[in-house]
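Hi everyone, thanks for making time this morning. Let me put the model up on the screen, and then we can walk through it together.

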Amino acid sequence: GLFGSVYAAHALYEFIGPAFTFVALGVIGVATMFAAALHGPMLAGVGLIGALATPLLITSSKPAPWPVVIYVTVVCIAAYALARLRRWLWLALASAVGAGLWGLALMTHGGEGFDQASQIYGVIHVALALFIFCYEPWRGANEEEAKLDPLASFISLAAGLFAVLLIWNGTDA
């Protein structure tokens, strides 16, 4: 309800500006994810979807990539933390997919400053995904417990392909 009210105050009634709306909707989305720690996983999904959709809802006369890079990074870190706390692998995967989609959107935008922003964004999110899916689950495990994890292998492959795509996108080939 609060998410809809803030968005309506911005989009329908123009009571609040785009910068405040962007921050407020982000805070509401992340707060909804953390409320899910008490109220269940469905609320986490709603919060993640709302938080990742927020940059699409706010229009700007001069789009800038850096607020989106910082915002999506903070949302994904919050989702990864909640996923680790509650052991909700699906939430971590959904966050990684959302981050990947935003990475593709930043790469294909083509405006001023978007190339560098998408490359830095890609490095940050590849590192986050590798840490969350490949390192964190096995931290402190002995050699007998450590084994080849198909999910970690897939995430590593996807992260590598995303890095290659970033490099290819940055060249003038």
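Let me start with a question: where is the place of Glu 14? Glu 14 sits in the loop between helix H1 (2-11) and H2, where helices (H or I, at least four residues) and strands (E, at least two) are DSSP runs, numbered from the N terminus.

Before going on, a word on the source. This is a predicted model, in which local features need pLDDT of at least 70 and side-chain atom pairs count only at pLDDT 80 or more, while totals for chains, interfaces and linings use all residues. Residues are numbered from 1 along each chain as its sequence is written, and side-chain values use heavy atoms, with hydrogens and water left out.

Back to Glu 14. Its phi is near 55 degrees, a positive value in a residue other than glycine. Glu 14 is also exposed, at a relative accessible area of 67%; here buried means under 20% relative accessible area, exposed over 50%, and partly exposed in between, with a 1.4 Å probe and protein chains only. Arg 87 is another residue to look at, in the loop between H4 and H5. Phi of Arg 87 is near 60 degrees, again a positive value in a residue other than glycine, and Arg 87 counts as exposed at 68% relative accessibility.

Now the overall picture. The chain has seven helices and zero strands, so to speak of its pattern along the sequence is to say α-α-α-α-α-α-α. Of its 173 residues, 39% count as buried. Taking contact as heavy atoms within 4.5 Å, residues 24 or more positions apart account for 65% of the contacts in the chain with a separation of 6 or more.

On to helix packing. Two packed helices are described by the angle between their axes and the distance between the axes. Axes here are lines fitted to C-alpha atoms, for helices over the stretch in contact, and angles run from 0 to 180 degrees between N-to-C directions.

Take helix H2 (residues 18-39) and helix H4 (residues 65-86): they pack at an angle of about 5 degrees, and their axes are 9 Å apart. That makes H2 roughly parallel to H4, given that angles under 35 degrees count as roughly parallel, over 145 as roughly antiparallel, 65 to 115 as roughly perpendicular and the rest as oblique. On the H2 side, the residues that meet H4 include Phe 22, Val 30 and Phe 34, and on the H4 side they include Tyr 71, Val 75 and Leu 82. By class, this contact of H2 with H4 has twelve nonpolar residues, one polar and one charged. For the classes, Ala, Val, Leu, Ile, Met, Phe, Trp, Tyr, Cys and Pro count as nonpolar, Asp, Glu, Lys and Arg as charged, and the others, Gly among them, as polar.

Staying with H4, Leu 85 is in that helix and is exposed, with a relative accessible area of 60%. From C-alpha to C-alpha, Leu 85 and Ala 37 are 8.3 Å apart in space, and 48 residues apart in sequence.

Next, helix H5 (residues 89-109) and H6. Their axes come within 9 Å and cross at roughly 165 degrees, which makes H5 roughly antiparallel to H6. Among the H5 residues that meet H6 are Leu 93, Trp 102 and Met 107, with Phe 114, Tyr 121 and Ile 132 among their partners in H6. The contact of H5 with H6 has twelve nonpolar, four polar and no charged residues.

Is His 125 buried or exposed? At 7% relative accessibility, His 125 counts as buried. Leaving aside its neighbours within four places in sequence, His 125 is in contact with Val 72, Thr 73, Cys 76 and Ala 99.

Last, the aromatic pairs. Rings of Phe, Tyr and Trp (its six-membered ring) pair if their centres lie within 6.5 Å, with planes under 30 degrees apart counted as stacked, over 60 as edge-to-face and the rest as tilted. By this rule there are four aromatic pairs. One of them is Tyr 13 with Phe 15, stacked at 5.5 Å centre to centre and 20 degrees between the planes. Tyr 13 counts as exposed at 54% relative accessibility, and Phe 15 does at 65%. Tyr 80 and Phe 133 form an edge-to-face pair, with 6.2 Å centre to centre and 85 degrees between the planes. This pair links distant parts of the chain, 53 residues apart: Tyr 80 is in helix H4 and Phe 133 in helix H6 (residues 114-135). Tyr 80 is buried, at a relative accessible area of 4%, and Phe 133 is buried at 3%.

That's my tour, and I'm happy to take questions.
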